[in-house]
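Please look first at the sequence and the model shown below, and keep both in view while reading.

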Amino acid sequence: MKFFADTADTDAIRELAATGLVDGVTTNPSLIQKSGRDILEVTKEICGIVDGPVSAEVVATDHETMMKEAEVLRKIADNIAIKVPLTVDGLKTCKKLTDDGTMVNVTLCFTANQALLAGKAGASFISPFVGRHDDIGYDGMNLISDIRLIYDNYDFRTEILVASVRHPIHILESAKLGADVATMPPDVILKLFNHPLTASGLEAFLSDWEKTGQTIG
Ligand code: G3P
């Protein structure tokens, strides 16, 4: 499973990239606003930190203006994925861009039928929002399970990119369902490393080792 960082915080991205376990980054207008930085400047910096896909989102709602914005964003770097909303104009833009060889991430997906449309539009990634589903009392993982079944039934090349991730259980369940990618806030990625028995076990090993008075090398 690929791990993307869901943030425009370049310090956090650098720290995560240093683990060698981050395969890309996703941003959105809210994350750009939170960074307090210029979208082109911060996105270019992010594209320099990670080699994998970096999603940059258009903010227009009509196809023609989306195409103009996509033209600006895709010039930032070769690893840019254009993020478009799951609307009629968003999927028209997705089809045009992917036919042209540009990576496209279709965002704000909340139904399997929406994901089916994005698959037919040739999207590189589909981003179903599991956390926002959970927020309104639906089990967001059912959406991932349905999309996985449909995409496998018709051999769609679109990768399932689990988004709006809130906690490590979203990652566990997504991996068990065979999702291709998960994008997570930095704190969730770091929580994946943690287990109290790992920490206490290491502490015990190190205290026992200290008693030996030895060093390695
Ligand atoms: O980047 C899209 C998505 O992951 C945002 O999720 O619900 O945490 O704002 P949320």
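A polar atom in the side chain of Thr7 lies 3.0 Å from the backbone nitrogen of Asp9, which places the two within the limit for a polar contact (a pair of N or O atoms within 3.5 Å; within protein, one must be able to donate a hydrogen and the other to accept it, and residues adjacent in sequence count only if both atoms are side-chain atoms). Thr7 belongs to the loop between β1 (2–6) and α1 (10–17), where helices (H or I, at least four residues) and strands (E, at least two) are DSSP runs, numbered from the N terminus. With a relative accessible area of 8%, Thr7 is buried; the term buried stands for under 20% relative accessible area, exposed for over 50%, and partly exposed for what lies in between (1.4 Å probe, protein chains only).

The model is predicted, so that local features need pLDDT of at least 70 and side-chain atom pairs count only at pLDDT 80 or more, while totals for chains, interfaces and linings use all residues. Residues are numbered from 1 along each chain as its sequence is written, and side-chain values use heavy atoms, with hydrogens and water left out.

The ligand is surrounded by Asp6, Asn28, Lys83, Phe129, Arg132, Ala163, Ser164 and Arg166, each of them having a heavy atom within 4 Å of the ligand. This shell divides into 2 nonpolar, 2 polar and 4 charged residues, where Ala, Val, Leu, Ile, Met, Phe, Trp, Tyr, Cys and Pro count as nonpolar, Asp, Glu, Lys and Arg as charged, and the others, Gly among them, as polar. A polar side-chain atom of Asp6 lies 2.5 Å from an oxygen atom of the ligand, and for Arg166 the separation between an N or O atom of the side chain and a ligand oxygen is 2.6 Å. For Arg132, a polar side-chain atom is found 2.7 Å from an oxygen atom of the ligand. The protein covers 83% of the 310 Å² of accessible area that the ligand has on its own, areas being computed by the Shrake-Rupley method with a 1.4 Å probe.

Ser164, one of the residues around the ligand, is found in the loop between β7 (159–162) and α9 (168–176), and because its relative accessibility is 8%, Ser164 counts as buried. Ser164 also has a positive phi of about 55° although it is not a glycine. Most residues other than glycine have a negative phi. Leu108, likewise not a glycine, has a positive phi of about 60°; Leu108 lies in strand β5 (residues 104–109) and, at 33% relative accessibility, counts as partly exposed.

Glu69, in helix α4 (residues 63–74), is partly exposed at 23% relative accessibility, and its C-alpha atom is separated by 11 Å from that of Lys83, 14 residues apart along the chain.

Taken as a whole, the chain has 11 helices and 8 strands, and buried residues make up 46% of its 217 residues. Its C-alpha atoms fill a box of roughly 70 × 40 × 30 Å, taken along the principal axes.
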